[in-house]
Amino acid sequence: MPVDNDLYNREAHTWWDEDSFLHILRVSVNPVRVEYIEDILSGLGWDKNGLRVLDVGCGGGYLPEELTRLLSLTTGVDSSRASIAAARAHAMQTGLQVAYRVARAESLPFADAVFDVVTCCDVLEHVDDLDRTLDEAARVLKPGGIIIYDTINRTFMTWLGVIFVAQEFPLTRFFPAKTHDWHMFIRPDELTAALLRHGIVNHDVRGMSSAVNPLHNFWLILKMKWDRLSYREYSIRTQLHLSHDPTMNYIGYGMLEGRDLKKTRALSVSARAFILSNFQST
């Protein structure tokens, strides 16, 4: 089942609507991303003032607005023209200076080595060409720059929860048809290897887990379907938090250490051992 990315054009007017399924991303998912990004930048000892950040697949602007408050120099790109229009309109309402452009992740309209940070959140499982997307992210990153990502793991539990329960089963589905394709979900070891092909060494990965267990979550979904729980209330109750369990969603970052393939293959034994130790069990 191919992903229907055009739904972000059709539903663009609902990005900031609390009664939209998209609101779940804003309330349940976006806060943990911001928390993680703050933790990583602080851990690296980077001065947040003046960092140039590019958010790839920005949608209606949830993450760029938070990053602008945090870092001040943020650019967002998305292939959905309607979503970019919604993001620009909301930024104007809030008085935030965010630079938005319509662009595909596989073809970024920027010069080489201009961004300190590239974020790819909830987008890698939607792109047509993962390798081309990561190649473009590496191209626009400055040497030593970082890519921060989050995506969905390809496991039985994500097929059950994200595809069957949330998207296909009539009694529980609340995502539009073809929002996701399970075959496009990415295992952490696969993403680590893909990053490495483009000179990006993965340095961290953490799970993004719901505040409630799967059975409780199933009950909340039923209540939402019965109109006894709003999208906003559901989002608050199921808000994600950082964990050690990448079974469903996971978040991490890698650092650009060189785009020369021979140099990439010659990475230190300790770096490669770190990568293997983190993903052997996933």
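Me: Leaving aside its neighbours within four places in sequence, which residues is Glu136 in contact with?
Reply: In this predicted model, and with those sequence neighbours set aside, Glu136 is in contact with Ala105, Glu106, Ser107 and Leu108.

Me: How far apart are Glu136 and Ser107 in sequence and in space?
Reply: In sequence, 29 residues separate Glu136 from Ser107, while in space the distance from C-alpha to C-alpha is 6.7 Å.

Me: And where is Glu136 found, and is Glu136 buried or exposed?
Reply: Glu136 belongs to helix α5, which covers residues 130-140, and Glu136 counts as buried because its relative accessible area is 4%, under the 20% limit. Its side chain also makes a polar contact of 2.7 Å with the side chain of Arg139.

Me: Switching to Ser243, which strand is that in?
Reply: Ser243 lies in strand β7, made up of residues 240-243, and with a relative accessibility of 15% Ser243 counts as buried.

Me: What does the side chain of Ser243 reach?
Reply: The side chain of Ser243 makes a polar contact of 2.6 Å with the side chain of Ser209, and the Ser243 side chain also reaches the backbone nitrogen of Asp245 at 3.1 Å. Apart from neighbours within four places in sequence, the residues in contact with Ser243 are Arg206, Gly207, Met208 and Ser209.

Me: New topic: which residues of helix α7 are buried?
Reply: In α7, residues 188-197, the buried ones are Pro188, Leu191, Thr192, Ala194 and Leu195. These residues lie on the same side of α7, because they cover an arc of only 165° around the axis.

Methods. Residues are numbered from 1 along each chain as its sequence is written. This is a predicted model: local features need pLDDT of at least 70, side-chain atom pairs count only at pLDDT 80 or more; totals for chains, interfaces and linings use all residues. Side-chain values use heavy atoms; hydrogens and water are left out. Helices (H or I, at least four residues) and strands (E, at least two) are DSSP runs, numbered from the N terminus. Buried means under 20% relative accessible area, exposed over 50%, partly exposed in between (1.4 Å probe, protein chains only). A polar contact is a pair of N or O atoms within 3.5 Å; within protein, one must be able to donate a hydrogen and the other to accept it, and residues adjacent in sequence count only if both atoms are side-chain atoms. Contact means heavy atoms within 4.5 Å. The arc is that of the directions from the helix axis to the C-beta atoms.
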